[in-house]
Amino acid sequence: MEKNNLVGKVVNSKAGRDMHRNFIVVGILNEEYVFISDGELRRIEKPKKKKVKHLNFTSTVAEEIRNKILSKNEVTNSKIKIFLQSAENGKEV
């Protein structure tokens with residue numbers, strides 16, 4: 001998988017204290033680790049470093065958040081939180 005394709009993807013944690021929580025990939029460290037944020041417990045200012053093998057990748061992509069991250073614009077925690085809540089409820093943002 002290409003690195004930039006991971007940014008903005010919605011993932012579900014399958015290991016650790018945050019098991020079964022949804023996050024958005026906000027950065028890539030290397031082949032093994034990514035940075036994830038949910039805008040609430042793990043804010044964009046201090047994202048969680050998580051192993052890729054401990055994540056389930058969904059087909060949902062937060063396009064607006066992805067574009068802001070890739071263009072080096074500021075992403076707010078509220079945008080991430082709102083997107084994840086709407087994705088959980090099955091609505092498109």
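**Entry: ground rules.** I am working from a predicted model, in which local features need pLDDT of at least 70 and side-chain atom pairs count only at pLDDT 80 or more, while totals for chains, interfaces and linings use all residues. Residues are numbered from 1 along each chain as its sequence is written, and side-chain values use heavy atoms, with hydrogens and water left out.

**Entry: secondary structure.** I counted three helices and five strands in the protein chain. Helices here are DSSP runs of H or I with at least four residues, strands are runs of E with at least two, and both are numbered from the N terminus. The pattern along the sequence reads α-β-β-β-β-β-α-α.

**Entry: overall dimensions.** I checked the radius of gyration, taken over C-alpha atoms, against the globule rule of 2.2 Å times the number of residues to the power 0.38. For 93 residues a compact globule would come out near 12 Å, and the protein chain has 12 Å, so the two agree. Along the principal axes, the C-alpha atoms fill a box of roughly 30 × 30 × 25 Å.

**Entry: burial and contacts.** I took buried as under 20% relative accessible area, exposed as over 50% and partly exposed as in between, with a 1.4 Å probe and protein chains only. Buried residues account for 34% of the 93 residues. I then looked at contacts, meaning heavy atoms within 4.5 Å. Of those between residues at least 6 apart in sequence, 46% join residues at least 24 apart.

**Entry: surface and charge.** I noted 19 positive and 12 negative charges, whose mean positions are 5 Å apart. Lys and Arg count as positive and Asp and Glu as negative, without His or the chain ends; each charge is placed at NZ of Lys, CZ of Arg, CG of Asp or CD of Glu.

**Entry: salt bridges.** How many salt bridges does a search of the whole structure find? It finds five, a salt bridge being a side-chain nitrogen of Lys or Arg within 4 Å of a carboxyl oxygen of Asp or Glu. I looked at some of them individually.

I began with D18 and K50, whose side chains meet at 2.9 Å, N to O. D18 sits in the loop between β1 (9-13) and β2 (22-28) and K50 in strand β4 (residues 48-51), so this pair ties together parts that are 32 residues apart in sequence. D18 counts as buried at 9% relative accessibility, and K50 is buried with a relative accessible area of 6%.

I went on to R21 and D38, which form a salt bridge at 2.5 Å, N to O. This pair links distant parts of the chain, with R21 in the loop between β1 and β2 and D38 in the loop between β3 (33-37) and β4, 17 residues apart. R21 is partly exposed at 30% relative accessibility, whereas D38 is buried at 3%.

I also looked up K51 and E32, where the closest N and O atoms of the salt bridge are 3.2 Å apart. K51 belongs to strand β4 and E32 to the loop between β2 and β3, so the pair ties together parts that are 19 residues apart in sequence. K51 counts as partly exposed at 22% relative accessibility, and E32 counts as partly exposed at 42%.

**Entry: positive phi.** Back at K72, I found a positive phi of about 65°, although K72 is not a glycine. K72 is exposed, with a relative accessible area of 75%. H20, also not a glycine, has a positive phi of about 70°. H20 is placed in the loop between β1 and β2 and counts as exposed at 63% relative accessibility.

**Entry: two further residues.** I located E74 in the loop between α2 (63-70) and α3. E74 is exposed, with a relative accessible area of 65%. From C-alpha to C-alpha, E74 and I44 are 9.5 Å apart in space and 30 residues apart in sequence.

I82 is in helix α3 (residues 77-88). Is I82 buried or exposed? I82 is exposed, at a relative accessible area of 53%. I82 and H54 are 28 residues apart in sequence, with 24 Å between their C-alpha atoms.
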